[in-house]
Amino acid sequence: MGAALSREEETAGLLAEAMPDGELLDLLLAVEPDEVDDYAAVEVVAAFKRLEAAAAAGAARAAAALAGRDSMHGQLPTRRAVRELDFAADELAMRLGMTRSEARKVVDLGEAFTGVLAETGEALARGEIDARKAGIIVSALSGRAGPVAWGVQAAVLPGAGRRTHPQLQRDINKALVQSGPEDAHDRGQRAARERHVTHLEPGLDGMASLRVVAPAHELVVVDAALQAAAIGARAAGDARSTDQLRADALVAMSAAALAAGRIGPAPGPSGPTGAFDLSDRIKITVTVPLSVALPADLDHTGLKTTCCGATTGAMALAGATTQARAVGDETRGAGAEPSGSGAGPGAGPSRARVPSPMDTYGDEPDGPVAMMDGVGAITPEVARALAAGGTWRRVVLDPFSGTVLDVGRTSYRPPADLARLVRERDGTCVAPGCAVPATSCQLDHTLSWANGGPTAEWNLGPLCERDHPLKSCGAFAVEQPVPGEFLWTTPSGHRYRRTPDGRVTTLPREGWEADPEPPF
């Protein structure tokens, strides 16, 4: 007879064979990871990952069921046609604190599992593949002819659990070419229409990332150029790592293009011949607290719209315009003219040399921090570098609530100063979780113009091209009880409060005094 199994071996065996269900969860909760051997510890992790996969499958199926309900669909009449809208991804994005595109992927996953890719959904529910692998399969095969999708799924799914994510993508690519070499080119042409580069994704410690999606045979040129630049620099004795050099080479290429004002060949006798001419309106906006270090000759006894004079010198990024926005919090008095605004003797200090608030910004460790549009908080050193030579504009805030009081000079379409005030106040689209900059949004009348809503600060808010129709069609109700605070009610009855600093709070269901106990 064989030797009896040890407790660790028995536990590992049970974990490896158990289906990802409540019984497995109970078993895992009874295991102390620190008290089992290495083999069993690995199986504990693997079992939790199978439960995670099963939960992802369940969430996807529930999301698809939600998306199929009539309440998740609406129509918005336009001048040309009736626009069909669906709200499931918006509902889930607000509830789960994720982007709309992430929520859309959950819905798409569940909807794909109801058709030809049902076997992928079943494999996910059994924990044989993870949610990312299921997403790779669905993304690659959704919308393709049924026989092609079914054949490729049958070819790659059996071994998908033991393949890494890049390996699985390569397996799918190979199977797609094998399934129909004659139309692989046409599929590539259609896919190329979806090429894009993401905007900055903020990271930690002042870092950010970009993601490029484009035809592989074109991106290989970019990759080769960066690698060649890195290898050449290393051969010349540069001490930077290859990764650092590749990143620095990409920035150098972009800075050179901004400095030249174009991407491509030099201008010919008849003018620019490059494929891309760069606008001189490129801006990098930095917001820094003005109260940290007020310029000596800037009168701050009233609400002002003037600050430091504009200069035109070398920028941190060649060719770009840095717009440094100083946010003040001084509200003592009102109506005084800025000192130094006149000319000649007795007109006040000269403005020929205006000390910048950036000179000493950051000396207070617990003080406010500078913000860069699209990135978030940045260090004082980076803020000073980007703001050097920039055009300064002062924005005065209420010191208690942080509400913008004045950004310049005190119809249906808001005048320029009012539009600027509202956009400065809210920063982004006011839909919960939306990060589209307010400068790229439409200004919406919270109480519609047609229903008597005035064009006033307390009745305006920026909404992006996606979220504006959600409100306009009546599916999502929006209120603005105080300027900059927005209350959203979704078709499902969920309610959210969005405050001027962008924070979102889930509110009790209307008619309930407090948050109910969760049903699950």
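This is a predicted model: local features need pLDDT of at least 70, side-chain atom pairs count only at pLDDT 80 or more; totals for chains, interfaces and linings use all residues.

Reader: OK, and what volume does the largest cavity have?

Author: About 30 Å³.

Reader: Which residues line the largest cavity?

Author: The lining is made up of Val430, Asp444, Thr446, Leu460, Gly461, Leu463, Lys471, Val478 and Phe486.

Reader: And which strand gives the most to that lining?

Author: That would be strand 16, residues 460-463, with three residues.

Reader: Switching to helices. At what angle do helix 7 and helix 8 pack?

Author: Helix 7 (residues 131-141) and helix 8 (residues 146-160) pack at about 165 degrees, and their axes are 11 Å apart. Angles over 145 degrees count as roughly antiparallel, so helix 7 is roughly antiparallel to helix 8.

Reader: Is that crossing left-handed or right-handed?

Author: Helix 7 passes helix 8 in a right-handed crossing.

Reader: Which residues meet there?

Author: From helix 7, Lys133, Ile137 and Leu141; they meet Ala149, Val152, Gln153, Leu157 and Ala160 in helix 8. By class, this contact has six nonpolar residues, one polar and one charged.

Reader: What about helix 5 and helix 7, at what angle do they cross?

Author: Roughly 75 degrees, with the axes of helix 5 (residues 100-112) and helix 7 coming within 10 Å. Helix 5 and helix 7 are therefore roughly perpendicular to each other.

Reader: Which residues make that contact?

Author: Helix 5 brings Asp108, Leu109 and Ala112, while helix 7 brings Ala134, Gly135 and Val138. The contact of helix 5 with helix 7 divides into four nonpolar residues, one polar and one charged.

Reader: Last one: how do helix 6 and helix 8 pack?

Author: Helix 6 (residues 118-125) packs on helix 8 at an angle of about 30 degrees, their axes being 10 Å apart. That makes helix 6 roughly parallel to helix 8.

Reader: And which residues are in contact?

Author: On the helix 6 side, Ala118, Glu119, Thr120 and Ala123; on the helix 8 side, Trp150, Gln153 and Leu157. The residues of that contact are four nonpolar, two polar and one charged.

Reader: Great, thanks!

Notes
Residues are numbered from 1 along each chain as its sequence is written. Side-chain values use heavy atoms; hydrogens and water are left out. On a 1 Å grid over the protein atoms alone, a cavity is a set of points where a 1.4 Å probe fits but cannot get out, and a pocket is an open set with protein on both sides within 12 Å along at least five of seven lines; lining residues have an atom within 4 Å of a point. Grid points are joined across faces, edges and corners, and a volume is the space filled by probe spheres set on the points. Helices (H or I, at least four residues) and strands (E, at least two) are DSSP runs, numbered from the N terminus. Axes are lines fitted to C-alpha atoms, for helices over the stretch in contact, and angles run from 0 to 180 degrees between N-to-C directions. Angles under 35 degrees count as roughly parallel, over 145 as roughly antiparallel, 65 to 115 as roughly perpendicular and the rest as oblique. A crossing is left-handed if the near helix is turned anticlockwise from the far one by less than a right angle, and right-handed if clockwise. Contact means heavy atoms within 4.5 Å. Ala, Val, Leu, Ile, Met, Phe, Trp, Tyr, Cys and Pro count as nonpolar, Asp, Glu, Lys and Arg as charged, and the others, Gly among them, as polar.
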